[in-house]
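Please look over the structure shown here before reading on.

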Amino acid sequence: MPTKQVIVLRTKYPDGRGGTQGIRLGKCGAQIAHASMKVFFDRALNRPTAMPEFGEKARLLPDFLEIPLTGAMTHWVWGVFTKVVVGVDTEEELLAIYEAAKEAGLPTAIIQDMGATGFKGVPTFTTVAIGPDEVEEIDRITGPEGRFKCRLL
């Protein structure tokens, strides 16, 4: 069973002057990595319900993660680990893809950057991870003939 994970990156952001701008390459890489990992971390059985501050309360955090995997996730993790990054321009497109993937029952995660360094303090949606899952299931949403027109990056 061929499997993959698709990361959808939003490529245009308000520039504060009525236009749009991109983001730094390093910021893109970080957001893509966050999304890819969050799909798994959201499935963790032993995750804390809130992140306590560092210090004495840090001992309340679990020392390990127990993450149940679907069959497709297992195949992906121990297989060829295929990952594809595609882009969309707007927040509306990004959010629509996220909702469609959730509705399709695919493992999905969305990243909202805190805005501390790249977005002038404004929390901003940047990426969505879909899968790992079967290629044809993900392609129904983001593939060449899929529901949304994403471009390879």
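What follows starts with the whole chain and ends with single side chains.

The model is a predicted one. The protein chain has four helices and seven strands. In sequence order these elements follow the pattern β-β-β-α-α-β-α-β-β-α-β. The C-alpha trace spans about 45 × 40 × 25 Å along its principal axes. Its radius of gyration is 17 Å, and this agrees with the value near 15 Å that a compact globule of 153 residues would have.

Among contacts in the protein chain with a separation of 6 or more, 70% are between residues 24 or more positions apart. Of the 153 residues, 38% count as buried. The accessible surface comes to about 9100 Å², and carbon and sulfur atoms account for 59% of that area.

The largest nonpolar core has 17 residues, and the members that touch the most others are Val8, Ile97, Val128, Ile130 and Ile141. At least two residues of this core come from each of β1 (3-10), β4 (83-88), α3 (91-103), β6 (124-134) and α4. Helix α3 gives the largest share, five residues.

With neighbours within four places in sequence left aside, Ile130 is in contact with Lys4, Gln5, Val6 and Val8, among others.

How many aromatic pairs does a search of the whole structure find? The search finds two. In one of them, Phe40 and Trp76 are stacked, at 5.9 Å centre to centre and with 20° between the planes. This pair links distant parts of the chain, since Phe40 is in helix α1 and Trp76 is in helix α2 (residues 71-77), 36 residues apart. Phe40 and Trp76 are both buried.

The other pair is formed by Trp76 and Phe81, also stacked, at 4.1 Å centre to centre and with 15° between the planes.

Gln31 is in helix α1 (residues 25-41). Its relative accessibility is 2%, so Gln31 counts as buried. Not counting residues up to four places away in sequence, Gln31 touches Ile111, Asp113, Thr126 and Thr127.

Glu137 is in helix α4 (residues 135-142). Glu137 has a relative accessible area of 28% and is therefore partly exposed. Its side chain is joined to that of Arg140 by a polar contact of 2.7 Å. The C-alpha atom of Glu137 is 9.3 Å from that of Ala101, and these two residues are 36 apart along the chain.

Notes
Residues are numbered from 1 along each chain as its sequence is written. This is a predicted model: local features need pLDDT of at least 70, side-chain atom pairs count only at pLDDT 80 or more; totals for chains, interfaces and linings use all residues. Side-chain values use heavy atoms; hydrogens and water are left out. Buried means under 20% relative accessible area, exposed over 50%, partly exposed in between (1.4 Å probe, protein chains only). A polar contact is a pair of N or O atoms within 3.5 Å; within protein, one must be able to donate a hydrogen and the other to accept it, and residues adjacent in sequence count only if both atoms are side-chain atoms. A nonpolar core is a set of buried Ala, Val, Leu, Ile, Met, Phe, Trp, Tyr and Cys residues joined through side-chain atoms within 4.5 Å. Contact means heavy atoms within 4.5 Å. Rings of Phe, Tyr and Trp (its six-membered ring) pair if their centres lie within 6.5 Å; planes under 30 degrees apart count as stacked, over 60 as edge-to-face and the rest as tilted. The radius of gyration is taken over C-alpha atoms; the globule rule is 2.2 Å times the number of residues to the power 0.38. Accessible areas come from the Shrake-Rupley method with a 1.4 Å probe; for residues, only the protein chains shown count as cover.
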